[in-house]
Amino acid sequence: MHLTPREEERLLIAAAADLARRRLARGGQLGAPDAIALVCDTVMEAAWDGASLAEAIEAGRAAVPAERLRDGVAALARVIEVEALFPHGSVLVHIEAPFGPPTQHGPGAILPGSTTRELAPGRTRAQVTLHNTGHAAVWVSSHTPLDALNGAIQVDLPPQGRWRLDLPAGVSTHIEAGARLPLQAVEILDDNTAGTDSRGNRGIDSGENSKERE
C-alpha cells in the first residue's frame with residue numbers, strides 16, 4: 001500500500017490517539033504528545049463526520065478532561081493547530097488554550113526574561129494587507145509564505161522575493177471572514193542565501209536564524 005506523507009501523518013496521529021484512549025480507559029493521565037494527538041484526532045474525526053468548525057473545536061476541547069492531564073501539559077500546549085477535512089474542504093483548525101489556562105509558575109511555564117531581541121535583523125520589511133474573501137475565519141501562521149496562502153486570502157505582494165508575516169515563530173494571526181488586515185511582512189531568505197556568512201560561505205547558521213528560534 002502506497003501512502004502519501006499526509007496519509008502517513010494521519011495514521012500516526014490516529015495511532016497515538018488510540019494509545020491515549022486506552023490509557024484514559026485504564027484511568028491513567030496523559031502527557032503532552034498523547035493528549036495533543038487525541039485532540040487532533042477528535043477534531044479531524046468531527047470534521048469528517050460533517051461537524052461545523054465551531055463544533056469540531058468544541059469536541060477537541062472536550063477530548064481530554066483537565067483532571068486527566070499531567071502537570072505542565074496546559075503550559076506546553078497553549079495552542080493546537082491541525083488541518084482537518086470538512087465537507088467543504090480542508091481547514092486549518094486553530095484551538096487556543098486546548099487544555100485550559102496554564103499555570104503561571106508550574107511545570108512547563110514560560111517565564112519571559114527582561115531583555116528584548118530583534119527578530120530577523122537586517123531583512124527587508126514591507127506593508128501588506130490580507131483580505132479574507134471567504135466565509136470562515138482564517139489563521140495565518142508566522143512562517144507560511146504569503147504566496148501560498150488559503151485561496152480565500154487575497155494579498156498584494158511586492159514584485160520581488162518571497163514573504164511571510166513578520167511574527168515570532170509559532171505565532172498566528174486571526175483574520176475574520178470579510179476582514180482586511182494591514183500587517184507587516186518580512187522577506188524570506190532563499191536556500192541559496194540562508195546559512196551563509198558575509199563572504200558567502202555556506203554551512204554557517206546565520207545570527208538571524210538562530211535568534212528566531214530563541
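Visitor: How do the axes of helix 2 and helix 3 cross?

Guide: They cross at roughly 150° and come within 8 Å, with helix 3 covering residues 53-61. An axis here is a line fitted to C-alpha atoms, for helices over the stretch in contact, and angles run from 0 to 180 degrees between N-to-C directions. Helices (H or I, at least four residues) and strands (E, at least two) are DSSP runs, numbered from the N terminus.

Visitor: Roughly parallel or antiparallel, then?

Guide: Helix 2 and helix 3 are roughly antiparallel to each other. The cut-offs: under 35 degrees is roughly parallel, over 145 roughly antiparallel, 65 to 115 roughly perpendicular, and the rest oblique.

Visitor: Which residues make the contact?

Guide: Helix 2 brings Val39, Thr42, Val43 and Ala46, and helix 3 brings Ala56, Ala59 and Gly60. Contact means heavy atoms within 4.5 Å. By class, that's five nonpolar, two polar and no charged residues. Ala, Val, Leu, Ile, Met, Phe, Trp, Tyr, Cys and Pro count as nonpolar, Asp, Glu, Lys and Arg as charged, and the others, Gly among them, as polar.

Visitor: Before I go on, what sort of model is this?

Guide: It's a predicted model, where local features need pLDDT of at least 70 and side-chain atom pairs count only at pLDDT 80 or more, while totals for chains, interfaces and linings use all residues. Residues are numbered from 1 along each chain as its sequence is written, and side-chain values use heavy atoms, with hydrogens and water left out.

Visitor: How many of its residues are buried?

Guide: 13 of the 17, so helix 2 is mostly covered. Buried means under 20% relative accessible area, exposed over 50%, partly exposed in between (1.4 Å probe, protein chains only).

Visitor: What follows helix 2?

Guide: Gly50, which has a positive phi, near 100°.

Visitor: How does helix 1 cross helix 2?

Guide: Helix 1 (residues 5-25) crosses helix 2 at roughly 115°, and the axes come within 8 Å. That makes the two roughly perpendicular. This crossing is left-handed.

Visitor: Which residues of helix 1 and helix 2 meet there?

Guide: Quite a list: Arg10, Ile13, Ala14, Ala16, Ala17, Ala20, Arg21, Arg23 and Leu24 from helix 1 meet Asp34, Ala37, Leu38, Cys40, Asp41, Thr42, Met44 and Glu45 from helix 2. By class, the contact has ten nonpolar, one polar and six charged residues.

Visitor: Let's zoom in on Ala37. What does it touch?

Guide: Ala37 touches Ile13, Ala16 and Ala17, not counting residues up to four places away in sequence. Ala37 is buried, with a relative accessible area of 8%.

Visitor: New topic: where does Val73 lie?

Guide: In helix 4, residues 73-76. At 3% relative accessibility, Val73 counts as buried. Beyond its neighbours within four places in sequence, Val73 is in contact with Leu30, Gly31, Ala32, Ala35 and Phe99.

Visitor: What about the strands? How many are there in the chain?

Guide: Eight, along with five helices. From the N terminus on, the order is α-α-α-α-β-β-β-β-β-β-β-β-α.

Visitor: Which strand has Trp163?

Guide: Strand 6, residues 162-165. Trp163 counts as buried at 4% relative accessibility. Setting aside neighbours within four places, its contacts include Thr124, Leu146, Leu157, Pro158 and Ile188. Trp163 and Ile188 are 25 residues apart in sequence but 5.2 Å apart in space, C-alpha to C-alpha.

Visitor: And His131, what's it in contact with?

Guide: Outside four places in sequence, Ala152, Ile153, Gln154, Gly178, Ala179 and Arg180. His131 lies in strand 3 (residues 125-132) and counts as buried at 15% relative accessibility.

Methods: Left-handed = near helix turned anticlockwise from the far one by under 90°.
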